[in-house]
Amino acid sequence: MASNNTASLPKSFSMNGGNGSYSYSNNSTVQRIASMTAEAMIEEVIGDSLDIEKFSTPLNTLRIADLGCSVGPNTYIAMQYIIGAIEKKCISKGLSRSQLPDFQVFFNDQPTNDFNTLFTFIPPEKQYFVAAVPGSFHGQLFPKFSIYIVYSSFAFHWLSEVPKEVLIKHSPAWNKGRIFYNSASKEVAEAYASQFAKDIDSILKARAKEIIRGGMMISLLIAVPDGYDNSKIGVGLLYDALGSSLLDMAHEGLINADLVDTFNVPMYVTCPKEMERLIKNNDCFSIERLKLLEYESDVDGPLDTRKHVIHIRAALECMITAHFGNEIIDELFDRLDQKATVYRHLDASYRKGHLLFLALKRQ
Ligand SMILES: C[S@@+](CC[C@H](N)C(=O)[O-])C[C@H]1O[C@@H](n2cnc3c(N)ncnc32)[C@H](O)[C@@H]1O
């Protein structure tokens, strides 16, 4: 029986590295499709709001950072959108191609991220300098006023830690027998929301130090519409099935039941109003865009639940291994695969993905 620890999850975890069947690099098309829906908005907001006049002239090097870039190749697509949009803006302001700045891109993720695999995807035709910056985006990663654009996609929904209250026995927010807040009590959902608020505050405070005045932060976050019913969060259904698979394994004596009670997925799905309020608490940024986008994945026909299960595995395997040990992984995901088949004919309202497009400008 695996019984690695009874404490909460490690603070740092990352997506599956390499390029095998369960790697993030081979299982991140949903994020890629969603990011592609934002291309036109990235170009538009950089055209409208990035203050290139405020940058020093001549501008030698323009620094961009992708926070939570993972193992690629999605990050390279996004960096190309951003650099293309800045070049277009510079040229529209009268700069010639030879006057364009050099671009330097910092790829940030947790120190455990597989940066080696990330760099095997570097596009050969790229026209920028690259560097890896390991560390948590909840803290400062760069020198003061050194970055022009911060980008981040599908990353700020990861919490810095599981909210403490959900792990405390007999606390009203104790999340016994569940691993997420979507089908839990309101106290559990509130504990998650309050952890998210603290994390966004630290993210904004750190970026306020790093981004030059007139520079921007553009991010894409997993989100739901305002007033949405938590129980309809699509990924939550899979987390329920994952929690139920873990409980089955505990009942069969394959894992320690206490470990299930101390396992919670440190992720939060925000909505536009909540995000707006959190940004306004920090007065260093103006909101240039805050728009909920809808993207479609498997809307017609039966849902490819296996694809979604592998996706969850690519994201959570490291975390589950650290908590329960790696000997349960194949069995756990086989069970999840079986349970998830009931969602093949899921109602269309659960299937639509939502994405919050956020563009902030450093004041
Ligand atoms: C779902 S992946 C998104 C990757 C990529 N941005 C994309 O759109 O495909 C989320 C990434 O955020 C990283 N991450 C989570 N928390 C982080 C933190 N506190 N600091 C830096 N990276 C973090 C994870 O390690 C993971 O690689």
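Biologist: In which kind of crossing, left-handed or right-handed, does helix 6 pass helix 9?

Modeller: Let me first say that this is a predicted model, in which local features need pLDDT of at least 70, side-chain atom pairs count only at pLDDT 80 or more, and totals for chains, interfaces and linings use all residues. Residues are numbered from 1 along each chain as its sequence is written, and side-chain values use heavy atoms, with hydrogens and water left out. Helices (H or I, at least four residues) and strands (E, at least two) are DSSP runs numbered from the N terminus. A crossing is left-handed if the near helix is turned anticlockwise from the far one by less than a right angle, and right-handed if clockwise; helix 6 passes helix 9 in a crossing that is right-handed.

Biologist: Are helix 6 and helix 9 parallel or oblique to each other?

Modeller: Axes are lines fitted to C-alpha atoms, for helices over the stretch in contact, and angles run from 0 to 180 degrees between N-to-C directions. The axes of helix 6 (residues 234-251) and helix 9 come within 12 Å and cross at roughly 45 degrees. Angles under 35 degrees count as roughly parallel, over 145 as roughly antiparallel, 65 to 115 as roughly perpendicular and the rest as oblique. Helix 6 and helix 9 are therefore oblique.

Biologist: How many residues in the contact of helix 6 with helix 9 are nonpolar?

Modeller: Contact means heavy atoms within 4.5 Å. Val 235, Leu 238, Tyr 239, Leu 242 and Leu 246 of helix 6 meet His 308, Val 309, Ile 312, Leu 316, Ile 320 and Phe 324 of helix 9. Ala, Val, Leu, Ile, Met, Phe, Trp, Tyr, Cys and Pro count as nonpolar, Asp, Glu, Lys and Arg as charged, and the others, Gly among them, as polar. By that sorting there is one polar residue, no charged one, and the number of nonpolar residues is ten.

Biologist: And how many charged residues does the contact of helix 5 with helix 8 hold?

Modeller: Helix 5 (residues 186-210) and helix 8 (residues 272-280) pack at an angle of about 45 degrees, with axes 10 Å apart. Ala 193, Phe 196, Ala 197, Ile 200 and Leu 204 in helix 5 meet Glu 274, Met 275, Leu 278 and Ile 279 in helix 8. Eight of these residues are nonpolar and none polar, and the number of charged ones is one.

Biologist: Is Arg 313 buried or exposed?

Modeller: Arg 313 lies in helix 9 (residues 305-324). Leaving aside neighbours within four places in sequence, Arg 313 is in contact with Asn 16, Tyr 22, Ile 329, Asp 330 and Phe 333. Buried means under 20% relative accessible area, exposed over 50%, and partly exposed in between (1.4 Å probe, protein chains only). With 7% relative accessibility, Arg 313 therefore counts as buried.

Biologist: What is the phi of Ser 70?

Modeller: Most residues other than glycine have a negative phi. Ser 70 sits in the loop between strand 1 (61-67) and helix 3 (74-92), and at 4% relative accessibility it counts as buried. Although Ser 70 is not a glycine, its phi is positive, at about 65 degrees.

Biologist: Which residues does Lys 144 touch, not counting those up to four places away in sequence?

Modeller: Lys 144 is in the loop between strand 3 (129-134) and strand 4 (147-153). Its relative accessibility is 64%, so Lys 144 counts as exposed. Beyond those sequence neighbours up to four places away, Lys 144 touches Lys 209 and Glu 210.
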